[in-house]
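Dear colleague,

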Amino acid sequence: MALATWWYEEGWPTDRLPSGMTVESPDDDNLLASIALLATDVVAHRRTEGHRPYLARVNGQPAAYGWVAKRVVEIGELGLSFELPAGNRYLWDFATLPPFRGRGIYPSLLAEIVRLECPPATRLWIIHAPENLPSGLGIARAGFVPVADLSFDGQNRPALASLGESDRASAAAELLGLPLLQEELDPCWSCGGCACEHTEGAGRTCSCATIPRR
């Protein structure tokens with residue numbers, strides 16, 4: 001997975017909300033549950049864990065959503081969890097509803113979240129699957145900079161490999177509590193949607209791009 005970040009000193013995103021689009025942090029758990037196909041108690045639990053939801057509307061209609069973690073992050077695909085220091089946020093579980101895809105709503109939503117969260121937040125982090133090219137393009141358009149690959153090392157342990165500036169990659173390694181390696185990491189980080197055998201270590205023997213299972 002590709003890990004990207006936005007830092008306060010980099011300046012505000014240039015992407016603005018298009019005409020008719022609004023972004024809010026809704027209080028209606030039933031609405032969020034119906035849009036994201038989640039149980040209402042799951043939405044409520046996310047709130048109690050310190051996650052803030054955001055909802056984009058286009059001409060009043062729900063179009064996209066996502067969550068911002070403020071305290072603790074869990075990346076289930078890698079069996080990884082870590083605490084967020086003050087001033088850090090982690091963006092996760094974003095989706096654009098089918099009728100609104102291909103209209104640039106995702107990067108506009110991300111850019112607006114940056115403006116709404118900062119300050120007090122000064123560093124925002126987000127990941128995406130490398131095979132999800134539209135997601136990667138949207139993240140870049142919103143002003144996020146790729147800093148590291150996040151996958152497994154040769155011993156099937158989570159690790160990072162730098163993609164760009166060393167200070168950003170080092171900050172990512174400290175945040176996630178993972179080693180920053182020079183070696184190439186496993187390209188098959190999940191083995192959740194490919195044709196290879198879903199057995200322990202299967203990711204070491206295939207070369208597919210995969211889609212994680214929820």
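Two strands are said to pair if DSSP finds at least two bridges between them. Helices (H or I, at least four residues) and strands (E, at least two) are DSSP runs, numbered from the N terminus. Please note that this is a predicted model, in which local features need pLDDT of at least 70 and side-chain atom pairs count only at pLDDT 80 or more, while totals for chains, interfaces and linings use all residues. Residues are numbered from 1 along each chain as its sequence is written, and side-chain values use heavy atoms, with hydrogens and water left out.

The sheet

Nine strands form an open sheet with mixed pairing, in the order S2-S3-S4-S7-S8-S1-S9-S10-S11. Strand S2 (21-24) and strand S11 (180-181) are at the edges with a single partner strand each, so one side of each has no neighbour in the sheet. Strand S3 (residues 51-58) and strand S4 (residues 61-69) run antiparallel and are joined by eight bridges. Within this pair, Val58 has Gln61 of S4 as its bridge partner. Helix H4 (residues 133-141) packs on the sheet and touches strand S1 (2-7) and strand S8 (123-128); the direction of H4 makes about 165 degrees with that of S8. Such angles run from 0 to 180 degrees between N-to-C directions, the axes being lines fitted to C-alpha atoms, for helices over the stretch in contact.

Strand S1 pairs with S8 in the antiparallel sense over six bridges, and Ala2 has His128 of S8 as its bridge partner. S1 is also joined to strand S9 (residues 145-152) by four bridges, again antiparallel, with Ala4 opposite Pro146 in S9. Six of the six residues of S1 are buried, so this strand is largely enclosed by the rest of the structure. Here buried means under 20% relative accessible area, exposed over 50%, and partly exposed in between (1.4 Å probe, protein chains only). From S1, Ala2, Ala4 and Trp6 point one way, and Leu3, Thr5 and Trp7 point the other way. In a regular strand the side chains alternate between the two faces of the sheet.

The nonpolar cores

A nonpolar core is a set of buried Ala, Val, Leu, Ile, Met, Phe, Trp, Tyr and Cys residues joined through side-chain atoms within 4.5 Å. The largest one has 32 residues, of which Leu91, Ile105, Leu109, Leu110, Leu124, Ile126 and Phe144 touch the most other members. Two or more residues of this core come from each of S1, S2, helix H1 (29-36), S3, S4, strand S7 (88-96), helix H3 (105-117) and S8. H3 gives the largest share, seven residues. Apart from this core lies another, of 24 residues, including Met1, Trp7, Ala69 and Leu175.

Not counting residues up to four places away in sequence, Leu109 touches Met21, Val23, Tyr54, Ala56, Ala64, Tyr65 and Phe94, where contact means heavy atoms within 4.5 Å. Ala64 lies in strand S4 and is buried, with a relative accessible area of 2%. Leaving aside neighbours within four places in sequence, the contacts of Ala64 include Ala95, Thr96 and Ile105.

Helix H3

Twelve of the 13 residues of H3 are buried, so the helix is largely enclosed by the rest of the structure.

Salt bridges

The structure holds seven salt bridges, each a side-chain nitrogen of Lys or Arg within 4 Å of a carboxyl oxygen of Asp or Glu. In one of the salt bridges, Arg57 pairs with Glu24, the closest N and O atoms being 2.7 Å apart. Arg57 is in strand S3 and Glu24 in strand S2, so the pair ties together parts 33 residues apart in sequence. Arg57 is buried, at a relative accessible area of 19%, whereas Glu24 is partly exposed at 32%.

Arg52 forms a salt bridge with Glu117, with closest N and O atoms 2.8 Å apart. Since Arg52 lies in strand S3 and Glu117 in helix H3, this pair ties together parts 65 residues apart in sequence. Within H3, Glu112 forms a salt bridge with Arg115, three residues away, about one turn of the helix. Both Glu112 and Arg115 are buried. Salt bridges with shared partners join Arg52, Arg89 and Glu117 into one network.

With kind regards
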